[in-house]
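Please look at the sequence and the fold together.

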Amino acid sequence: MKDDRRIPSIARRISRAWFFRTLVLFILLDLLLLFLMHSMFSALFPREGGSFFLIVLAAEAGLLLIQYFAVIRKSRKLLRPLEQVAQTAQELSHYDPAKLHSLEDAIAAVNPLSTGARLKTGDRELQGIESAVNDLLRRTQESYREQTRFVSDASHELRTPIAVIQGYADMLSRWGKEDEKVLNEGIAAIQSESAHMKTLVEQLLFLARGDSGRNPFHPAQMDLSEMMREVYDEYCMICPDRRWRLRADLPVPILGDAAMLKQAARTLADNAVKYTDPGASITLSAAFREDVPCFAVQDNGIGIKQEDMSHIFDRFFRADPARNRATGGTGLGLSIAKWIVEKHGGYFDVFSRENFGTRISVLLPQKPLRPENAPPTSPE
Ligand code: ADP
């Protein structure tokens, strides 16, 4: 018990010694100042010198008291880290060195990447450390599993277009030189597959950069209504066979990365095109939903099955791979949109019914940037 107190008491002793040294210095300086002032005033005013001396003495005593408390506060603040180190050292000294060695050996024996590997010391006193290490192990294994799955899914996705390109290249080398039909078909297929592969690689790079925190993010003042108007203009031109509608009459100012949010809005518009038939109507909107800035894309397409709803933001998830292949989807669009939206502190609201349609809204709660005169409206 005596030993336990030794280290903090050293810190306390250092603290006390430092404090007394500073106090003595202050007192000496004060006495010197007092002496100088007394001699000066006695020489200038020989009669009032005595009472003046008393006033100065009282003022000095007051000042000394203030200095005393100031020094105490300062010394406590300065020596707090030292006290903490002393405390930690004292806690560590509780452990018997043999126990620490067995803990070291147990940690060294764990393979952090093998699934289910856990630290086991069998010592009740080390249980706190054991559960903290096991929690860290569990999170490391989870993230490693996710990374491995991502790499294996990505390789699998890239294998298909590569195989198709290789197949068409073989076909062209055999028959393409003589047969013009084969030549045109081969060139078109290679063009389309390489475009798909380019999109896939760009999306994979985006997610990999996002995972390692290397995606440039430049938030600035922007207007969601203006952004949706631009997306509307683009899609009216790119996909004239859908009936596009725009509901973005009032400004919806926010602080956001305009390029990234536009990419998320384009993903929603792309999906609306992919999962509807020609002639379907697609509505783009921007507004405040209960004071929260929001943009949304609504279609009257195939909708999403109830059981798929919780997976649509998963990487490489596709409800209908066959349809997806035909439409050129990669299963990464919504994962990227989710990364972007979460980077802005926002979230999604998905409303969908099979064979009826889908509305995906992005809500971006922020500190009020809303103009005074804009009444609350809801995007449909
Ligand atoms: P993809 O590139 O395959 O569209 P996404 O990540 O964008 O990948 O979407 C994931 C899945 O969510 C899609 O494969 C589709 O099944 C479903 N989905 C997304 N948007 C819609 C929509 N508007 N209508 C119906 N299904 C949708």
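The side chain of Thr330 makes a polar contact with the side chain of Gln203, at 2.5 Å. A polar contact is a pair of N or O atoms within 3.5 Å; within protein, one must be able to donate a hydrogen and the other to accept it, and residues adjacent in sequence count only if both atoms are side-chain atoms. The Thr330 side chain also reaches the backbone nitrogen of Leu332, at 3.2 Å. Thr330 sits in the loop between α8 (321-327) and α9. Because its relative accessibility is 5%, Thr330 counts as buried (under 20% relative accessible area; exposed is over 50%, partly exposed in between; 1.4 Å probe, protein chains only).

This is a predicted model, in which local features need pLDDT of at least 70 and side-chain atom pairs count only at pLDDT 80 or more, while totals for chains, interfaces and linings use all residues. Residues are numbered from 1 along each chain as its sequence is written, and side-chain values use heavy atoms, with hydrogens and water left out.

The largest nonpolar core has 47 residues. Such a core is a set of buried Ala, Val, Leu, Ile, Met, Phe, Trp, Tyr and Cys residues joined through side-chain atoms within 4.5 Å. Leu224, Leu261 and Phe295 touch the most other members. Helix α7 gives the largest share, 8 residues (helices, H or I, at least four residues, and strands, E, at least two, are DSSP runs numbered from the N terminus). A second, separate core of 7 residues includes Val110 and Leu126.
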